[in-house]
Amino acid sequence: MELRVLRYFLEVAREGSITGAARALHISQPTLSKQLKELEGELGCKLFVRGNYNVRLTEEGILLRRRAEDMLDMADKTMEEFRSLKDVTGGDVRIGCAESWLISCLARVLKGLREQYPGLRFHITSGDTRVVLNDLAQGLSDFGVIAEPPDLTRYNALPLPGADAWGLLMRRDDPLAARDVITPADLQGVPLISSPQSLRADLPRWCGEFADRLNIVGTVNLFYNGSVLVREGLGCLLVFDRLADTSPETDLCFRPLSPRLETKIYIIWKKYQVFTPIAERLAERLKETFSEGPSA
């Protein structure tokens, strides 16, 4: 299975048309059709249902689309790494990040490194711990920033200074906005939105058995989407402080949880990771900057 043919396949999947894909790829339509037929023959299944004017993916085609995107991402990253071996002044670094105000600590390190290596390009992907660890495992990220204690048998880890405090994000006209802090009893019957990760790990730590009685109406894994749901009146969002603009002129406000609930943030990378030169320099700079806590 050639990478070139996988790129052809993805272009057809994106265009929904062999004619449109051939035009975008600057190849003839018969050539593209022949390549797709050979790919289907190699895999032993149909990838497209062909109509008069367009094509759509079969179930097998949907599966190949996911796998092809992953394989091509990995191939592109590998090519970038080899190019970077000759480019000590820069290169690409990929980081999967939890949402946290503590990312500002990482930003300062990146800024300092770019001053020394102006060819440094950083690529940040936001997601929860599951997404970040999955990208690390597949080699799609060099580093990860996660909001739970890491597995030190698998990862080198450095804690970012400080911690994120949990609280409740709500509309300013919500009755709970009159409170200074939010207790477990205050949340009885309140429609709540949370991340799956906090439901599993953080809320039981805060309110124990009461967590089973919380009225969870939905989950999100990115803060901004959750804040939109709050603004539209779907519920209140359990979230870290300092993510939302809650200045007096906005329609949202934040109240901390009581008893106080905090989460440490860690930057991690795989043990025995083989880095490009620029990623190696970032790892060294991170260890110099955040060397106070657990590490490799």
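**Close-up views of a predicted protein chain**

**Figure 1. Overview of the protein chain.** The protein chain contains nine helices and 13 strands (DSSP runs numbered from the N terminus, with H or I over at least four residues for helices and E over at least two for strands). The model is predicted, so local features need pLDDT of at least 70 and side-chain atom pairs count only at pLDDT 80 or more, whereas totals for chains, interfaces and linings use all residues. Residues are numbered from 1 along each chain as its sequence is written, and side-chain values use heavy atoms, with hydrogens and water left out. Along the principal axes, the C-alpha atoms occupy a box of roughly 70 × 50 × 40 Å. Of the 296 residues, 45% count as buried (under 20% relative accessible area; exposed is over 50% and partly exposed lies in between, with a 1.4 Å probe and protein chains only).

**Figure 2. The aromatic pair F9 and F48.** Four aromatic pairs are counted (ring centres of Phe, Tyr or Trp, the last by its six-membered ring, within 6.5 Å; planes under 30 degrees apart are stacked, over 60 edge-to-face and the rest tilted). The ring centres of F9 and F48 lie 5.5 Å apart with their planes at 55°, so this pair is tilted. F9 belongs to helix α1 (residues 3-15) and F48 to strand β1 (residues 48-50), and the pair thus links distant parts of the chain, 39 residues apart. Both F9 and F48 are buried.

Figure 3. F143 and W269 form an edge-to-face pair, at 5.7 Å centre to centre and 70° between the planes. Because F143 lies in strand β5 (residues 143-146) and W269 in strand β13 (residues 266-270), the pair ties together parts that are 126 residues apart in sequence. F143 and W269 are buried. Together with F275, these two residues make up one aromatic cluster.

Figure 4. Helix α3 (residues 29-43) has 15 residues and, at 1.5 Å a residue, should span 21 Å, which agrees with the 21 Å between its end C-alpha atoms (the expected span is 1.5 Å times one less than the number of residues). Its buried residues are L32, Q35, L36, L39 and E40. They cover an arc of only 135° around the axis, which puts them on the same side of α3 (the arc is that of the directions from the helix axis to the C-beta atoms). P30, K34 and G41 are exposed on the other side of α3. G44, which follows α3, has a positive phi near 75°.
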